[in-house]
Amino acid sequence: MRGLRGRVEAVRYEQDHVHPLLRYPPEIQLSTLVSSLKGVNSRRLRQEYDSHVRRYLWGGRFWSGSYYAGSCGGAPPTVVRHYIESRQRPTA
């Protein structure tokens, strides 16, 4: 997220989705941020693990076009970080 002047505070990958805690300036549109993260992540994974990744693509795409973003309702970042870090990692 260097170009967007933001940073990943915490992240946990699950079998079919990702839980990130992101800090970014309010002038950046969320859709732009998500698109950038998906694009960079997809390029890097393809560069390093192309033969493995190919079998998990949806019509040639690594990520679906959708995403969910939720508000924490004023919860302190430490509480959100604890929630994200407590998510179970996939076993396979």
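This is a predicted model: local features need pLDDT of at least 70, side-chain atom pairs count only at pLDDT 80 or more; totals for chains, interfaces and linings use all residues.
Which pattern does the chain follow, read along the sequence? I read β-β-α-α, and I count 2 helices and 2 strands in the secondary structure of the chain.

Residues are numbered from 1 along each chain as its sequence is written, and side-chain values use heavy atoms, with hydrogens and water left out.

**Entry: overall dimensions and burial**

I looked up the extent of the C-alpha trace, which spans about 40 × 30 × 20 Å along its principal axes. Of the 92 residues in the chain, 17% are buried; I take buried as under 20% relative accessible area, exposed as over 50% and partly exposed as in between, with a 1.4 Å probe and protein chains only.

**Entry: salt bridges around E9**

I find 4 salt bridges in the structure, a salt bridge being a side-chain nitrogen of Lys or Arg within 4 Å of a carboxyl oxygen of Asp or Glu. One of them pairs R7 with E9, with 2.5 Å between the closest N and O atoms. R7 is partly exposed at 48% relative accessibility, whereas E9 has a relative accessible area of 18% and is buried.

E9 also meets the side chain of R23 in a salt bridge, at 3.2 Å from N to O. This pair links distant parts of the chain, since E9 belongs to strand β1 (residues 7-13) and R23 to strand β2, 14 residues apart. I note R23 as partly exposed, with a relative accessible area of 42%.

A further salt bridge joins R81 to E9, where the closest N and O atoms are 3.1 Å apart. R81 lies in helix α2 (residues 77-85) and E9 in strand β1, so this pair ties together parts that are 72 residues apart in sequence. At 29% relative accessibility, R81 is partly exposed. Through shared partners, the salt bridges join R7, E9, R23 and R81 into one network.

**Entry: nonpolar patch**

Which residues form a nonpolar patch on the surface? I find V8, V11 and Y13, with about 250 Å² of accessible area together. Areas come from the Shrake-Rupley method with a 1.4 Å probe, and for residues only the protein chains shown count as cover. Patch members have over 30% relative accessible area and no salt bridge, like charges being joined within 9 Å and nonpolar side chains (Val, Leu, Ile, Met, Phe, Trp, Tyr) within 5 Å. V11, which I place in strand β1, is partly exposed at 32% relative accessibility.

In strand β2 (residues 18-23) I looked up L22, which is partly exposed with a relative accessible area of 23%. L22 and R12 are 10 residues apart in sequence, and their C-alpha atoms are 12 Å apart in space. P20 lies in strand β2 as well and is partly exposed at 40% relative accessibility. Between P20 and A69, which are 49 residues apart along the chain, I read a C-alpha separation of 9.8 Å.

Y24 lies in the loop between β2 and α1 (30-53) and is partly exposed at 29% relative accessibility.

**Entry: second largest pocket**

How much space lies in the second largest pocket? I read about 170 Å³, a volume being the space filled by probe spheres set on grid points that are joined across faces, edges and corners. On a 1 Å grid over the protein atoms alone, a pocket is an open set of points where a 1.4 Å probe fits, with protein on both sides within 12 Å along at least five of seven lines, and lining residues have an atom within 4 Å of a point. The lining consists of V34, S35, K38, G39, S42, R61, F62, W63, S64 and G65. By class I note 3 nonpolar, 5 polar and 2 charged residues in this lining, where Ala, Val, Leu, Ile, Met, Phe, Trp, Tyr, Cys and Pro count as nonpolar, Asp, Glu, Lys and Arg as charged, and the others, Gly among them, as polar.

Notes. Helices (H or I, at least four residues) and strands (E, at least two) are DSSP runs, numbered from the N terminus.
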